[in-house]
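Me: I would like to go through this model in short questions and answers. Please keep to folds, packing and charged pairs.

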Amino acid sequence: MADNVLRLENLTMQFGGLIAVDDISLDVNKGEIVALIGPNGAGKTTAFNCITGVYEPTNGRVLLNGEIISESYPRGKMKDAYKGKNKGTYNKVVRHTPDKITYRGIARTFQNIRLFKALTVFENVMIAKHMRAKQNIFTATFRLNWKEERRMREETMALLEEQNLAHLKDHTASSLPYGLQRRLEIARALATDPSLLLLDEPAAGMNPQETQEIAEFIRSVREKYKTTILLIEHHMGLVMQISERIYVLDFGEMIAHGTPDEIRSNQKVIGAYLGVVEDAEN
C-alpha cells in the first residue's frame with residue numbers, strides 16, 4: 001500500500017454559527033493526484049486553509065507524513081484528548097504557523113494568483129528558495145553565506161529551465177500572460193521542495209488549450225519532482241482526466257469519495273452540482 005502523506009481526521013471549521021467544514025476525513029497517498037471538488041461554498045478552500053495553518057480548526061487534526069501538524073478540540077471536549085498519569089493533564093493542542101507548515105513540506109497555490117507582481121520571474125522563485133536557507137542576520141550582513149546564495153541562484157535557474165520559464169527570468173510577473181503566471185506560481189511553490197503540493201483551482205480563467213496544457217503540466221510536476229498533489233478544481237474535465245481519486249464536499253460535508261468513474265455516476269454528486277432533488281418521482 002502506498003505511504004500516507006496527508007491525513008485529515010474529523011476536521012471541523014466553524015465560524016460562529018456557520019460550519020464551513022463539518023467533520024471531514026480524507027487521505028492522500030504518496031505519488032497520488034487527488035481532487036477535492038464541490039459546488040461554490042462547499043468548504044474546499046476552508047479545508048486548504050486548515051491544512052496550511054491559515055485557520056486553526058475548531059476540531060480534528062491534520063497529519064503530514066504521520067506527524068500531527070494541527071490538532072484542536074472544542075471547549076468542553078478536551079476530556080476526549082486525555083493523556084497522562086496526572087489528572088487534568090491533556091494532549092497539547094498543536095498548531096503550526098503557515099511558514100512552519102511550508103518548511104515541513106506543504107506548499108500551495110491560490111485561486112487568485114498571489115505573485116510578487118512587481119518582481120521578476122527569477123526573483124519570485126528565488127524568494128521561495130530562502131525558505132530552506134541556512135543563514136542568519138550575521139552571515140547575511142557580512143556575506144558569509146555567499147556559497148549558499150550562489151547555490152540557491154543556480155537551483156532557481158535550473159527550476160525555471162525545467163518549467164520552460166528561463167527565457168522570461170527578467171520579465172516582471174505582472175507582464176506574463178495568465179497561463180504563465182499560473183505556471184510561475186506553481187514553480188515558486190516547487191522551490192520550497194514540498195512533499196505535498198496543494199493547488200487551488202489551477203485552471204481557473206483558462207481557455208480550453210490552456211486547460212489542457214495545465215493538465216499536462218500538473219502530471220509532469222508529479223513525475224519530475226515525485227510530488228504528491230491535492231487539488232481543488234471546478235473544471236470537471238480536468239479533474240476526471242488527471243485524478244486517481246476524488247473527494248466531494250457539499251455544504252461542508254463529505255458526500256462521496258471514489259475513482260473518477262465512481263464519482264461520475266454518483267447520484268449524490270450529480271444532485272449537489274445540478275440541484276437534483278432525491279426521490280423527486282415520489
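This is a predicted model: local features need pLDDT of at least 70, side-chain atom pairs count only at pLDDT 80 or more; totals for chains, interfaces and linings use all residues.

Me: How many helices and strands does the protein have?
Reply: Helices (H or I, at least four residues) and strands (E, at least two) are DSSP runs, numbered from the N terminus. On that basis the protein comes to ten helices and eleven strands.

Me: What share of the 282 residues is buried?
Reply: Buried means under 20% relative accessible area, exposed means over 50%, and partly exposed lies in between (1.4 Å probe, protein chains only). Of the 282 residues in the protein, the buried share is 46%.

Me: Among contacts between residues at least 6 apart in sequence, what share joins residues at least 24 apart?
Reply: A contact means heavy atoms within 4.5 Å. Among contacts between residues at least 6 apart in sequence, the share joining residues at least 24 apart is 66%.

Me: Are the axes of α6 and α7 roughly parallel or roughly antiparallel?
Reply: Axes are lines fitted to C-alpha atoms, for helices over the stretch in contact, and angles run from 0 to 180 degrees between N-to-C directions. Angles under 35 degrees count as roughly parallel, over 145 as roughly antiparallel, 65 to 115 as roughly perpendicular and the rest as oblique. The axes of α6 (residues 178–190) and α7 (residues 208–225) come within 11 Å and cross at roughly 15°. The two helices are therefore roughly parallel.

Me: Which residues of α6 and α7 meet, and of what kinds are they?
Reply: From α6 come G179, R183, I186 and L190, and from α7 come E210, I214, F217, V221 and Y225. Ala, Val, Leu, Ile, Met, Phe, Trp, Tyr, Cys and Pro count as nonpolar, Asp, Glu, Lys and Arg as charged, and the others, Gly among them, as polar. The residues of this contact divide into six nonpolar, one polar and two charged.

Me: Where does L190 sit, and what does L190 touch?
Reply: L190 lies in helix α6. L190 is buried, with a relative accessible area of 7%. L190 and V221 are 31 residues apart in sequence, yet 8.7 Å apart in space, C-alpha to C-alpha. Not counting residues up to four places away in sequence, L190 touches L159, Q163, L197, V221, Y225 and T227.

Me: Which residues make the contact of α3 with α6?
Reply: The axes of α3 (residues 121–129) and α6 come within 7 Å and cross at roughly 30°. These helices are therefore roughly parallel. The contact is made by V121, N124, V125 and A128 of α3 and L184, A187 and R188 of α6.

Me: Which residues of α3 are buried?
Reply: Helix α3 is mostly covered, with seven of its nine residues buried. They are V121, F122, N124, V125, M126, A128 and K129.

Me: Which residues form a network of salt bridges?
Reply: A salt bridge is a side-chain nitrogen of Lys or Arg within 4 Å of a carboxyl oxygen of Asp or Glu. The whole structure has 14 salt bridges. In one of them, R61 pairs with E9, and the closest N and O atoms are 2.6 Å apart. The network links R7, E9, D27, R61 and E71.

Me: How many residues apart in sequence are the parts tied together by D200 and R108?
Reply: The side chains of D200 and R108 meet in a salt bridge (3.7 Å, N to O). D200 lies in strand β8 (residues 196–200) and R108 in strand β7 (residues 106–108), so the pair ties together parts whose separation in sequence is 92 residues.

Me: Is D170 buried or exposed?
Reply: The side chains of D170 and K169 meet in a salt bridge (3.2 Å, N to O). K169 counts as partly exposed at 29% relative accessibility. D170, with a relative accessible area of 57%, is exposed.

Me: What does H96 touch?
Reply: H96 is in the loop between β6 (94–95) and α2 (98–104). H96 is buried, with a relative accessible area of 16%. Not counting residues up to four places away in sequence, H96 touches G53, I68, I69, I101 and R104.

Terms used. Residues are numbered from 1 along each chain as its sequence is written. Side-chain values use heavy atoms; hydrogens and water are left out.
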